[in-house]
Amino acid sequence: MNAHLLARSAYASAATPTRTTRGTEYEIFARVTHRLKAAGRGDGDFIALAGALHDNRTLWTALAADVALETNALPKSLRAQIFYLSEFTTQHTRRILAGEAGADVLIDINTAMMRGLRNEGDPA
């Protein structure tokens, strides 16, 4: 490898855009929501559905822990709404796993969060 190729490869990653925290959160929501949608329209693959629900619940648990911190910069009312949605997500996930409900409402909540992260509507 010559010096030119080494220099190009060394600086190639610098051309990758830096993600904001909001952009990272959006990307995580998008991936989890995509998995929920795919598992919901699948051929009844319970393992795929359970995995997608687990990832979604993990995301919401992390959000709840974050908004519970006094150092979180979001307004208290928004923090409370996000915490409530986390609790709802946990309860609704249990109902889905018991075969009593579908994942559509979780997909709708995640989609609303994504719109908020993209400033396309009211967050949460």
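Arg 79 is in contact (heavy atoms within 4.5 Å) with Val 67, Ala 68, Leu 69, Glu 70, Asn 72 and Leu 74, leaving aside its neighbours within four places in sequence. Its place is in helix 4, residues 76-97, and at 9% relative accessibility Arg 79 counts as buried, the cut-offs being under 20% relative accessible area for buried, over 50% for exposed and partly exposed in between, with a 1.4 Å probe and protein chains only. Keep in mind that this is a predicted model, where local features need pLDDT of at least 70, side-chain atom pairs count only at pLDDT 80 or more, and totals for chains, interfaces and linings use all residues. Residues are numbered from 1 along each chain as its sequence is written, and side-chain values use heavy atoms, with hydrogens and water left out.

**Overall layout**
- The protein chain has five helices and zero strands, taken as DSSP runs numbered from the N terminus (helices H or I with at least four residues, strands E with at least two).
- Read from the N terminus on, the elements go α-α-α-α-α.
- Of the 124 residues in the protein chain, 29% are buried.
- Among contacts with a separation of 6 or more, 54% come from residues 24 or more positions apart.

**The core**
- The largest nonpolar core holds 23 residues, and Phe 29, Leu 36, Leu 53, Trp 60, Leu 63, Ile 82 and Ile 96 touch the most other members.
- Helix 2 (21-40), helix 3 (46-67), helix 4 and helix 5 (104-117) each put at least two residues into this core, with the largest share, seven residues, coming from helix 3.
- A nonpolar core here is a set of buried Ala, Val, Leu, Ile, Met, Phe, Trp, Tyr and Cys residues joined through side-chain atoms within 4.5 Å.
- Not counting residues up to four places away in sequence, Ile 96 touches Leu 49, Leu 53, Ala 101, Gly 102, Ala 103 and Leu 106.

**Helix 2 against helix 3**
- These two helices pack at an angle of about 150°, with their axes 8 Å apart; axes are lines fitted to C-alpha atoms, for helices over the stretch in contact, and angles run from 0 to 180 degrees between N-to-C directions.
- That makes helix 2 roughly antiparallel to helix 3 (over 145 degrees; under 35 is roughly parallel, 65 to 115 roughly perpendicular and the rest oblique).
- Their crossing is left-handed, as the near helix is turned anticlockwise from the far one by less than a right angle (clockwise would be right-handed).
- On the helix 2 side, the contact includes Ile 28, Phe 29, Val 32 and Leu 36, while helix 3 brings in residues including Leu 49, Leu 53, Trp 60 and Leu 63.
- By class, the residues of this contact are twelve nonpolar, two polar and two charged, with Ala, Val, Leu, Ile, Met, Phe, Trp, Tyr, Cys and Pro counted as nonpolar, Asp, Glu, Lys and Arg as charged, and the others, Gly among them, as polar.

**Helix 2 against helix 5**
- The axes of helix 2 and helix 5 come within 9 Å and cross at roughly 160°, so the pair is roughly antiparallel.
- Helix 2 passes helix 5 in a left-handed crossing.
- Contact residues include Tyr 26, Phe 29, Thr 33 and Leu 36 of helix 2, and Leu 106, Ile 107, Met 113 and Met 114 of helix 5.
- Sorted by class, there are ten nonpolar, four polar and three charged residues in this contact.

**A spot on helix 3**
- His 54 sits in helix 3 and is partly exposed, with a relative accessible area of 46%.
- His 54 and Thr 93 are 39 residues apart along the chain, and their C-alpha atoms are separated by 8.5 Å.
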